[in-house]
Amino acid sequence: MEGSIVENTVYAPLLEQDSILLAVSEGCSYGKCAFCDFANDQYRVFPLEWVEKNASYLATEAGEKTSLFLLGQNSLSLPSSHLLKILEFVKFYFPKVDRVSMYARAEDINAKSEHDLSLLRDRGLSSLHIGLESGSDEVLSLMNKGITAAELLAACQKLDALALAYHFTIIGGLGGKRFSAIHREKTAELLNRLKPASIWQLKLFIWPNTPLAKMRDRGDFIELSPLEVLMEERDLIAKLELEDCLFIDTTVLNQYTIMGRLPETKASLISTMDRLIESSGP
Ligand code: SF4
């Protein structure tokens, strides 16, 4: 693995694939989402001495890299004092780095004071990656995300006010057949009230032994086909009215990537998706 002496699998956002990866925690402090395959992994925060030792090791390989990602499923859950110390290490060991980001849950953003978030920003934190997944309370509740659309909205508006950038992941087909329409409608509605720097649509994968797999096996969750996911995504993009946002999906029909900046490429993204839908139809 690049950039860390942790032996486990690395989970970092697509946009951070060229970033230095500095592990600061492992597992998720929440760990209850119905679809998540590592929800049961033990959550642990790495000691500061360990993080510093790792940073000094990574500094020898950082080269000209200017971005760094703090690895951990929701590192913003760490105490602010702990994160500020880590940002000091980043400044000391990686003088060329001018972009630092990490994963965050909306509840952790809401739990931090504006003062603490400003301090983190002033010491180098530039953006957060948030698993939005859906803007629908029905879907968020079905998936046991532990957060509502209103709380997501409040968290991101707090970031907007502090000029901290944020990136979202959303999950195509997360509402299954029953909630597909509301997932699309409410996700578009929430996104249109926010200013994400990017949206990365992920494919729903139902991992064995997850609560979602049990729901599916009981017949309580009916998956969308790849074509139905694409149709849902196409209609979602058509509803987006964002000002400057990169949209990416690397799993279209399980084989294509679509990517474009909104709003400039909205029409061409939609026409590409329409062509794919037409050529994949019955
Ligand atoms: S917040 Fe993210 S990492 Fe944690 S359980 Fe949910 S999906 Fe998994």
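Tutor: Let's start with a term: a residue is near a molecule if one of its heavy atoms lies within 4 Å of it. This is a predicted model, where local features need pLDDT of at least 70 and side-chain atom pairs count only at pLDDT 80 or more, while totals for chains, interfaces and linings use all residues. Residues are numbered from 1 along each chain as its sequence is written, and side-chain values use heavy atoms, leaving out hydrogens and water.

Student: Which residues are around the ligand?

Tutor: They are Cys 28, Gly 31, Lys 32, Cys 33, Phe 35, Cys 36, Phe 38, Gln 73, Arg 105 and Lys 145.

Student: What makes up the shell around the ligand in terms of nonpolar, polar and charged residues?

Tutor: The shell has five nonpolar, two polar and three charged residues.

Student: Why does Ala 163 count as exposed?

Tutor: Its relative accessibility is 66%, and exposed means over 50%, buried under 20% and partly exposed in between (1.4 Å probe, protein chains only), so Ala 163 is exposed. Ala 163 belongs to the loop between helix H6 (149–161) and strand S7 (165–172); helices (H or I, at least four residues) and strands (E, at least two) are DSSP runs, numbered from the N terminus. Although not a glycine, Ala 163 has a positive phi of about 55°.

Student: And why does Leu 253 count as buried?

Tutor: Leu 253 has 14% relative accessibility, so it falls under the 20% limit and is buried. Its phi is also positive, about 50°, although it is not a glycine.

Student: What is Ala 12 in contact with, leaving aside neighbours within four places in sequence?

Tutor: Contact means heavy atoms within 4.5 Å, and Ala 12 is in contact with Leu 21, Phe 69, Leu 71 and Tyr 103. From C-alpha to C-alpha, Ala 12 and Met 102 are 8.7 Å apart, though 90 residues separate them in sequence.

Student: How do you know what span is expected for helix H2?

Tutor: The expected span is 1.5 Å times one less than the number of residues. H2 (residues 80–93) has 14 residues and reaches 20 Å from its first C-alpha to its last, close to the expected 20 Å.

Student: Which kind of peptide bond, cis or trans, runs from Leu 262 to Pro 263?

Tutor: That bond is cis, with omega near 10°. Pro 263 lies in the loop between strand S10 (256–262) and helix H10 (266–280).

Technical notes
Nonpolar A, V, L, I, M, F, W, Y, C, P; charged D, E, K, R; others polar.
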